[in-house]
Protein chains: 2
Amino acid sequence: MSPSVVSLAEIEDAARRIAPFVRRTPLLTARDLVPGCELLLKCENLQVTGAFKARGAHNATFRLDADQAARGVATHSSGNHGAALALAARNRGVPAHVVMPSNAPDVKKDAVAAYGAEITFCEPTLAARTETLERVVALRGSHVVHPYEDLDVIRGQGTVGVEILDQAGATPDVVIAPVGGGGLLGGIGVAVKSRSPGCVVIGAEPAGADDAFRSFRSGVLIPQESPDTIADGLLTSLGRPNFALIEDRVDDIVTVDDDAILAATRQLIERAKLVVEPSGAVAFAAVSADPDRFAGRRVAVVLSGGNVDLRRLPWLAAGPG
Amino acid sequence: MSPSVVSLAEIEDAARRIAPFVRRTPLLTARDLVPGCELLLKCENLQVTGAFKARGAHNATFRLDADQAARGVATHSSGNHGAALALAARNRGVPAHVVMPSNAPDVKKDAVAAYGAEITFCEPTLAARTETLERVVALRGSHVVHPYEDLDVIRGQGTVGVEILDQAGATPDVVIAPVGGGGLLGGIGVAVKSRSPGCVVIGAEPAGADDAFRSFRSGVLIPQESPDTIADGLLTSLGRPNFALIEDRVDDIVTVDDDAILAATRQLIERAKLVVEPSGAVAFAAVSADPDRFAGRRVAVVLSGGNVDLRRLPWLAAGPG
């Protein structure tokens, strides 16, 4: 392993910084979900704002000096990062400006608004989002917090890895986490491989948005074009610093199709009693779909978020059976 | 407080006995669910078998001597106690006989069967259930474990109270738990009042099955007739030893109507990301419905179970909105 842009010490620092504002989420042991495998479910769906994103957003926001912070933080987001940054800004007592596409679901708009952020709506294209964010920043002088390429965000997300090792007792054989932009997986890779080099770290990705898988296999960063998956939190392309961290600290990336992702989501909701969004179930789906690979192992699985409209899940959309 | 049929020492004993088989469920802090109130959510919906019943069933099953145990355990149940006893018997390596009404939901039948119990179906009347259970016991010599009047069951459920105090750090001002047969509330009352006499213990009951409320107020055990509530785990009448414990160790019983119970269930699922059945949301509903009473207090709320068919919940039964 070469020296990396993110260190274990910085992640441990982030853990102390964000501790007053985020939850040390439970690590639940489950022996019956995947036969022959001892699972440790890291429940980031129970994190404040309903997703691990609260960690990175708080670390980035609280790292700013007072002058910078006073001018606020800003981002564009149609999802969990916007709500996380809004809460972090509220906790620091500074403004948050969130650019959202006009077609974002009401629940997401409401969540961001409820945390007191100022929302600027724009056309639902990446160009419009970027341009609108630039205008907001030019006007307000706010600090932009990128959802996954910001190193302080990566450090914040890495605290999930530190907590898993602290909570697990004996080191797990495997830690597996979903990968979209790669902030979570990259941060966990650094934390886990620095503390427990023998622990295998795996990324899990939807087959319909498999740029991290293809980049990892080819050694070249390949952007995601036309992603198509139910896991709407993982549509984005892998980030640049994230790819470097993942090449260095992650052992493998596996993909799972949408049927497996939905089956996993259903199993977590119905059997584990945890509301998990499809993106948050991808790592569990990867274990569930390949039980032989994980048989006899202790596998820590990151359930990354729980922000789902249950009425959109196919087996519930049908109404009473 | 008079000496009671259940002691703190026995509950602590039960905690050690069942520890290898049940989960120390998370106690999650939530500040945004009820404005002005710091909630500590005791997540027994995340307990093995999806309900606190696993605690009492394991304590009762593991208290038996080897000869008794070898002849198995038995109960009649249409709900969570049957599955809990089936798992406890499997963990002890002895047979479980569960009498179930023929019209029990398939999911409940499947759960009991999945844990390896032998199921005997009967007509869906209390007379048929009792008589069928007597026949099974006469044939097998099994030990009957009553779902809430068995003292070892009450001791097992009381471990919820011990854990809340152990996990809470500073003692909560209030502990509130649902009441049906009264095994959970009675056990918690003994545990909490023995350790922290100043902590207020409250039972929460559906208005449509309010026999515990009426018994508590009148000082006379009044059986429940024709209960009518969405909280189908709390239809039963308060038990006799349970009533004595509750009179002695519980400060108040409050009732909530089905609208409040359903609103609470929805809030826990959508905002707290916890799958909770209506019966399991009754204590939270009681706090949510009367925020002034709990303002400025630290309130530990027992979410007692999560075994719900989501398709039966009204806002989901409608399909996509």
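**Note on the predicted two-chain model**

1. In chain B of this predicted model, four strands make up an open sheet, ordered 5-4-3-6, with parallel pairing. Strand 5 (118-122) and strand 6 (143-144) of chain B are the edges, each with a single partner strand, so one side of each has no neighbour in the sheet. Strands here are DSSP runs of E with at least two residues, helices are runs of H or I with at least four residues, and both are numbered from the N terminus; two strands pair if DSSP finds at least two bridges between them.

2. Residues are numbered from 1 along each chain as its sequence is written, and chains are lettered from A and ligands numbered from 1 in the order in which they are written. Local features need pLDDT of at least 70, side-chain atom pairs count only at pLDDT 80 or more, totals for chains, interfaces and linings use all residues, and side-chain values use heavy atoms, with hydrogens and water left out.

3. Within the parallel sheet, strand 3 (residues 73-76) and strand 4 (residues 96-101) of chain B are joined by four bridges. B:Thr75 faces B:Val98 of strand 4. Helix 4 (residues 80-92) of chain B lies across strands 3 and 4, at about 170° to strand 3. Helix 5 (residues 106-114) of chain B lies across strands 4 and 5, at about 170° to strand 4. Angles run from 0 to 180 degrees between N-to-C directions, with axes fitted to C-alpha atoms, for helices over the stretch in contact (heavy atoms within 4.5 Å).

4. A second open sheet of chain B has six strands in the order 1-2-10-7-8-9, with mixed pairing. Strand 1 (27-30) and strand 9 (252-256) of chain B are its edge strands, each pairing on one side only. Strand 2 (residues 38-43) and strand 10 (residues 298-303) of chain B pair in the parallel sense over six bridges, and B:Glu38 is opposite B:Arg298 of strand 10.

5. Helix 7 of chain B lies across strands 1, 2, 7 (174-178) and 10, at about 135° to strand 2. Of its 17 residues, 14 are buried, so helix 7 of chain B is largely enclosed by the rest of the structure; buried means under 20% relative accessible area (1.4 Å probe, protein chains only). After helix 7 of chain B comes B:Gly169, with a positive phi near 70°.

6. Chain A is superposed on chain B by a rotation of 180° with 0.0 Å of shift along the axis (RMSD 0.0 Å), the relation of a two-fold axis. The superposition is by least squares on C-alpha atoms of residues with pLDDT of at least 70 in both copies.

How values were computed: Buried < 20%, exposed > 50% of the residue type's maximum accessible area, 1.4 Å probe, protein only.
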